Amino acid sequence: MSSRFSLTVVCLIVLLPFAVGIRLIPAGITSVGGGGGGGNGFSKLGPFMEAPDYRNGKECVSSSVNRDNFVSSSSNDPSLVHIAMTLDSEYLRGSIAAVHSVLRHASCPENVFFHFIAAEFDSASPRVLSQLVRSTFPSLNFKVYIFREDTVINLISSSIRQALENPLNYARNYLGDILDRSVERVIYLDSDVITVDDITKLWNTVLTGSRVIGAPEYCHANFTQYFTSGFWSDPALPGLISGQKPCYFNTGVMVMDLVRWREGNYREKLEQWMQLQKKKRIYDLGSLPPFLLVFAGNVEAIDHRWNQHGLGGDNIRGSCRSLHPGPVSLLHWSGKGKPWVRLDEKRPCPLDHLWEPYDLYKHKIERAKDQSLLGFASLSELTDDSSFL
């Protein structure tokens, strides 16, 4: 094996039937994707420029994670902010940009711990994806879990867009089983987001009462459109959600209490709706409707600034969208269009330029140095409130 891409694997932990975990520590990776080809699988995914080394300020509580000697008990550290994301070859560029944005704006970046979920049968192996993350963020605190797709493959029904049928989209349903039991709370983020605010503010969300998740809610949305006529005409199904406050929420940004999640068997509750969907088509979207059926009406409402979603456009045309009114802490390119694709094709939407400075692909970070080239000075020009800058 070439020493150029050598990496030390500390341990391989078997967790339940849902995943295995790979712990990684920094080693001598110096570049990714440069020449040589070989069988490492790097060249088709990279290169990525190495990110700046973001460090804690003096005001930060020290984390027990030793960046040069990974501490296995780090999940128990109360100073850590835990973030879960999926990691796959198709959306890797988005994931890298999302991580970069979190670290750049975090008040205590060394206290952020990432839990990456990679598909067992991805075209790039979880080991290769792990090495790419490590080479891009040499001092990042993270762990990669291998998601066994057969866990959910037989529960997935066809959707309006093929990308929504990817088994990895359903990994969020299994976080309570996949992540170490010592992880009691996590922020789940989709791979097509960037943050422009301190993630600790979102982490500090209080889940009141018995609430299991928190997310921005949209209570003026037409809740009925997320389910088929077969659902609403059924004599029993509508009654199962009667009395719930019909508020839509996007599952791409959630604060999750994993202790309550496990105690309440919420993975099984989501699976029950998915099993019914296989027998009788009750919705057309992918992983979202089961969450609405289980949680709508019992979600901790988080400020809308933490999920300015829909920036990818609609699921058919991928048309450009503008920001919602109000301040912005997180931008989310949910929908068909992804900013890196449109930028590469030289047909970007205006807001795609807000994603561009976080892109570490092919050494293009220099383009972020002159915001005047983007057609506007900063994100504050597009919002009603620039207090987060």
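**Exercise 1. Find the strand that holds H332, then work out whether H332 is buried or exposed and which side chains it makes polar contacts with.**

Step 1: H332 sits in strand β13, residues 330-332. Strands here are DSSP runs of E with at least two residues, helices are runs of H or I with at least four, and both are numbered from the N terminus.

Step 2: know your model. You're looking at a predicted model, where local features need pLDDT of at least 70 and side-chain atom pairs count only at pLDDT 80 or more, while totals for chains, interfaces and linings use all residues. Residues are numbered from 1 along each chain as its sequence is written, and side-chain values use heavy atoms, with hydrogens and water left out.

Step 3: check burial. The relative accessible area of H332 is 0%, so H332 is buried. The cut-offs are under 20% for buried, over 50% for exposed, and partly exposed in between (1.4 Å probe, protein chains only).

Step 4: look for polar partners. The side chain of H332 pairs with that of D190 at 3.3 Å and with that of N307 at 3.1 Å. A polar contact is a pair of N or O atoms within 3.5 Å; within protein, one must be able to donate a hydrogen and the other to accept it, and residues adjacent in sequence count only if both atoms are side-chain atoms.

Step 5: widen the view. Leaving aside residues up to four places away in sequence, H332 touches residues including D192, V193, N250 and G252. Contact means heavy atoms within 4.5 Å.

**Exercise 2. Locate D197 and name its side-chain polar partner.**

Step 1: find the loop. D197 lies between β7 (193-195) and α4 (199-203).

**Exercise 3. Describe how α8 and α9 cross, and say which residues make the contact.**

Step 1: get the geometry. The axes of α8 (residues 266-279) and α9 (residues 288-295) come within 9 Å and cross at roughly 120°. Axes are lines fitted to C-alpha atoms, for helices over the stretch in contact, with angles from 0 to 180 degrees between N-to-C directions.

Step 2: name the angle. Under 35 degrees is roughly parallel, over 145 roughly antiparallel, 65 to 115 roughly perpendicular, and the rest oblique. So α8 and α9 are oblique to each other.

Step 3: list the residues. From α8 come Y266, K269, L270, W273 and M274, and from α9 come P290, F291, L293, V294 and F295.

**Exercise 4. How many residues of α9 are buried, and what covers them?**

Step 1: count. 8 of the 8 residues of α9 are buried, so α9 is largely enclosed by the rest of the structure.

Step 2: look around. The cover includes β8 (213-215), α5 (229-233), β10 (248-249), β11 (253-257), α7 (258-263) and α8.

Step 3: step past the end. Just after α9, G297 takes a positive phi of about 95°.

**Exercise 5. Where are N265 and K346, and is each one buried, partly exposed or exposed?**

Step 1: N265. N265 is in the loop between α7 and α8, and its relative accessible area of 40% makes it partly exposed. Its phi is near 55°, a positive value in a residue other than glycine.

Step 2: K346. K346 is in the loop between α10 (339-344) and α11 (352-355). At 74% relative accessible area, K346 is exposed.
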